[in-house]
Amino acid sequence: MSPLFPREEFAGRVAKARAAMAQAGAELLLIDHAEILAWLTGYTVSETMYRAAFLPREGEPWFVLRGLDAGSCRDACWFSDIVGFADTSEPHEVMAQEIRRRGFAGAAIGADHASYGFTAAVRERFAALLPQARFIDLPRASDLLRSVKSPAEIALIAQAAGIADKAMAAIAAKAGPGLSPRAAAAIAAACFLENGADTGETGPILPGVGDHEFLHGVMTGQPLAEGDILHVELIPKVRNHGARLMRPVLIGEDRRNLAPLAERLVALQDRQFAAMRRGALACEVDAVLREAVLAEGLRPVYDNVTGYTLGLYGRTPRTSDFSRVFLPNAHWRLEQGMVFHMYVSAGGLGFSETVVVEAEGGRRLTATPRRLLANHID
């Protein structure tokens, strides 16, 4: 394995991180949030044992992690200073030793205190090991520094989107009475792996019942019957960069006449995509869909988000990135190059796309036909 992006791209990322450090007054940045580890260094790994990278205001960064992972880290990173520790070592002690050895024992150390790696216990441990250091919060830097994607990142997300399209087509081709959600997930998982996804993790695949309650239900092996809806959400990743796609798949005949509802949801969501222009206010983009769905009586209540951030995913406690979401109280502005999972649901039907923000509106990276799917697909 070699660095996923050219050194010039990492140089731009480092410059953004150092600008945030300068604004906060930090001399050294501690990086332990899985996604920003990958974004700044080229490598990420789980927290089976604590691991972190360190970026000084000047000079190259270094990475401290379990020795078992040091070789993979060295292969993937754009820099060469990798410190591996034995499983018998205490990770924070090794990191503190490296910080002292490099002259930062009394430094102002920046960290994202909202990182799920930088717990209260971690901070207390470092404070005890480095009593002369001062810890400075860079609020939500782990997510916000990565919010705008480069063309190379968008290309990876688009590759994942293409895998989602293929898997959705494969499921629709097999849709019929007797198909179970688990069997559909097996089709998707195989398609993911055959087409270059990192893993076979599929996303929620389950019966579509209710307005949004079904979106995070539990997969079962129960066969579906004529007229049922199979809700399929696909979440393939390529080199940790993820795309997402939802479609309702009809089992047999449309006995409940759901096609008109599907068409209306798609039409309203298309309006929302058109509103996703550079500089648009997120709450106004959200209102395009949310207010119309409520006004037309398609749902009695609409209290969930209509979209959220897509991009890098690590092995973390969260499955979705809500650092930027579309809600009535979301007062941030869209920037060109941001990528989002935009979704709408009602009456057991869920539609979603991976959408990149451009100057004149949102552009879909997923390409599956936007309709109630059956056992054929255009």
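Predicted model: local features only at pLDDT ≥ 70, side-chain atom pairs only at ≥ 80, totals over all residues.
For "domain: Peptidase M24", an unreviewed UniProt entry lists residues 156-358. That span is 31% helix and 22% strand, and its end C-alpha atoms lie 17 Å apart.

Look for an open sheet of 6 strands, in the order E4-E3-E2-E1-E5-E6, with mixed pairing. Which strands stand at the edges? They are E4, residues 82-85, and E6, residues 134-137; each has a single partner strand, so one side of each has no neighbour in the sheet. On average, neighbouring strands of this sheet are turned by 25° against each other, direction ignored.

Take one pair from it. E1, residues 28-31, and E2, residues 52-56, are paired in the antiparallel sense over 4 bridges.

Two helices to point out next. Helix H2, residues 34-41, lies across E1, E2 and strand E3, which is 62-66, and H2 runs at about 125° to E1. Helix H4, residues 91-101, lies across E1, E2, E3, E4 and strand E5, which is 108-111. The angle of H4 to E3 is about 160°.

On to empty space. Rolling a probe the size of a water molecule over the atoms shows where such space is left.

How many cavities of 30 Å³ or more does the structure hold? The count is 2. The largest cavity has about 80 Å³ of space. Its lining includes Leu29, Asp32, His33 and Ser142. By class, the lining has 7 nonpolar, 3 polar and 2 charged residues.

The second largest cavity has a volume of about 50 Å³. Among the residues that line this cavity are Val14, Leu55, Trp78 and Phe79. H2 and E2 are the elements that give two or more residues to the lining, and the largest share, 3 residues, comes from E2. What classes do the lining residues of the second largest cavity fall into? They divide into 9 nonpolar, 1 polar and no charged. Ile31 is named in the lining of the largest cavity and also in that of the second largest cavity.

Last, the pockets. The largest pocket contains about 650 Å³ of space. It is lined by 33 residues, and those nearest its centre are Thr44, Asp198, Arg239, Asn240 and Tyr313. Helix H1, residues 7-24, H2 and strand E10, residues 241-242, each supply at least two residues of the lining. The classes there are 15 nonpolar, 10 polar and 8 charged.

The second largest pocket has a volume of about 440 Å³. Which of its 24 lining residues are closest to its centre? Those are Pro204, Leu215, His216, Glu233 and Thr319. Strand E7, residues 205-207, and strand E14, residues 339-346, each supply at least two residues of the lining. By class, that lining has 11 nonpolar, 9 polar and 4 charged residues.

That is the end of my part.

How values were computed:
Residues numbered from 1 in each chain as written. Heavy atoms only, no water. Pairing = 2+ DSSP bridges. Axes fitted to C-alpha atoms, helices over the stretch in contact; angles between N-to-C directions. Contact = heavy atoms within 4.5 Å. 1 Å grid on protein atoms, 1.4 Å probe; cavity = no way out; pocket = protein on both sides within 12 Å on 5 of 7 lines; lining within 4 Å. Points joined across faces, edges and corners; volume = space filled by probe spheres on them. Nonpolar A, V, L, I, M, F, W, Y, C, P; charged D, E, K, R; others polar. UniProt positions renumbered as here; feature names shortened; annotations may be inferred.
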